[in-house]
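Welcome! Take a moment to turn the model around before reading on. This short report walks you through it step by step.

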Amino acid sequence: MADHYEVVSKAPGFGSRLSNSVKGVVGGIALILISLALLWWGEGRQNLAEFIKAGKLIDSNQPASVSPGTLVKTTGRLHSDETIVDDKYLIPGAQKFLSLRRNVEMYAWKEKKKTEKKGDKEVTTYDYVKEWTSMPSDSSRFYDAAGHRNPSMGDENASFQAKTARIGALTIEAPTTDFHGRSDLAVTEEILKKDESGVRQLSSGMIYIPYGVGPARSAAANPEVGDLRIKYSYFPNDVEGSAVGQWDGAKIVPHIYRKTESYLGVFAGSLEAFQARLQGEHTMTTWIIRILTLLMLWAGLNMILGPILTVLDSIPIIGGAGRFVISLFTGAIAFLLWALTILLAKLWLALLIVIALLIGLMVYKKTAKRSVAVPAT
């Protein structure tokens with residue numbers, strides 16, 4: 001069975017390429033609009049670290065002396081009387097958690113496709129590699145679907161969370177809590193639930209399940225397509241931590257902001273460390289969105305100028321150089337649009353105030369001129 005294929009075909013003619021590039025203009029416009037909307041949203045996201053700064057500090061070991069609806073923060077012992085476990089794979093009661101996540105991966109085929117133009121020919125290469133992934137490819141869409149088949153995923157991700165929990169003496173609405181600062185769980189023989197067939201294997205704190213029935217082998221050392229690998233992350237029970245949310249008069253619940261959004265967070269550490277973590281998460285996500293949208297803007301502008309690039313490509317002497325110059329130009333325009341959008345997203349309220357003041361000043365001047373007394377004749 002080959003894992004590398006090359007398919008050679010006649011390259012599309014100039015007319016076909018020009019027609020496709022014209023159709024791509026609409027896609028380029030759509031990509032630009034989507035990227036600008038995503039960037040605007042990303043810049044306007046709530047920085048959850050601000051809730052730590054703004055929250056009123058309360059003592060978790062006594063009833064809160066604040067009015068309902070107050071944003072509060074506190075520290076204390078995080079605890080639940082419940083036993084949270086994935087009883088499909090783990091022994092109940094062996095360890096205690098406030099929250100537990102199961103992450104399932106499958107050893108699967110992945111298709112890598114690349115198309116290049118070589119003279120008047122178009123060469124498409126297909127390479128097949130095996131990897132552990134939580135999102136296996138649909139092998140029915142592969143070029144060589146028969147030789148590189150991925151079976152259906154044998155299991156799926158799952159989350160388990162306490163329904164009731166406390167920090168100190170105060171109740172937390174646990175089902176709606178975001179638990180920050182999870183740790184990887186090293187599964188051991190003591191907590192692994194044995195299956196009737198006895199095929200579950202342990203390696204490096206992870207559970208491996210070989211696919212199908214066959215000779216005994218190590219799915220960790222010698223994986224085959226269809227094997228499963230199960231990892232866990234958890235938030236511990238009975239740990240000193242911090243919480244931020246809204247006091248409703250009886251317990252800490254999600255804090256409502258922007259009318260439709262809410263947040264209740266818990267962290268295994270101090271409030272200062274909690275704030276630093278939330279700030280770090282916010283900054284990282286912001287820059288991921290920024291870089292992604294900049295690339296989307298650049299790609300969208302290149303798609304809009306696709307017909308020009310197609311014409312330049314048909315000119316042997318200046319085709320490559322022309323494409324390079326236009327790409328630099330679209331990159332500069334994309335950066336300017338990107339930077340301007342970030343600036344407007346940060347300062348739009350201040351700009352509206354300035355515009356309102358200018359309009360008010362103009363109206364005042366016009367009114368003042370009309371109110372000047374006309375000399376009597």
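What follows goes from the whole chain to a cavity, some aromatic rings and one glutamate.

**The whole chain**

Keep in mind that this is a predicted model. The chain contains five helices and 18 strands. Of its 377 residues, 37% count as buried.

| Property of the chain | Value |
|---|---|
| Residues that count as buried | 37% of 377 residues |

**A cavity inside**

Rolling a probe the size of a water molecule over the atoms shows where empty space is left. In this model, the count comes to one cavity of 30 Å³ or more. The largest cavity has a volume of about 40 Å³. Which residues line the largest cavity? They are Val85, Leu90, Ile91, Ala94, Gln95, Phe97 and Ile191. Sorted by class, this lining has six nonpolar residues, one polar residue and no charged ones.

**Aromatic rings**

Searching the whole structure turns up 12 aromatic pairs. One of them joins Phe179 and Phe235 in a tilted arrangement, with 4.9 Å from centre to centre and 50 degrees between the planes. This pair links distant parts of the chain: Phe179 sits in strand E9 (residues 178-180) and Phe235 in strand E13 (residues 228-236), 56 residues apart. Are Phe179 and Phe235 buried or exposed? Both Phe179 and Phe235 are buried. Elsewhere to look, Tyr5, Tyr126, Tyr128, Phe142 and Tyr143 form one aromatic cluster.

**A glutamate to find**

Now look for Glu43, which lies in helix H1 (residues 14-44). Why does Glu43 count as buried? Its relative accessible area is 7%, and buried means under 20%, so Glu43 falls within that class. What does Glu43 touch, not counting residues up to four places away in sequence? On that basis Glu43 touches Thr286, Arg290, Ile342, Ala345 and Lys346.

Conventions. Residues numbered from 1 in each chain as written. Predicted model: local features only at pLDDT ≥ 70, side-chain atom pairs only at ≥ 80, totals over all residues. Heavy atoms only, no water. Helix = DSSP H or I, 4+ residues; strand = E, 2+ residues; numbered from the N terminus. Buried < 20%, exposed > 50% of the residue type's maximum accessible area, 1.4 Å probe, protein only. 1 Å grid on protein atoms, 1.4 Å probe; cavity = no way out; pocket = protein on both sides within 12 Å on 5 of 7 lines; lining within 4 Å. Points joined across faces, edges and corners; volume = space filled by probe spheres on them. Nonpolar A, V, L, I, M, F, W, Y, C, P; charged D, E, K, R; others polar. Phe/Tyr/Trp six-rings, centres within 6.5 Å; stacked < 30°, edge-to-face > 60°. Contact = heavy atoms within 4.5 Å.
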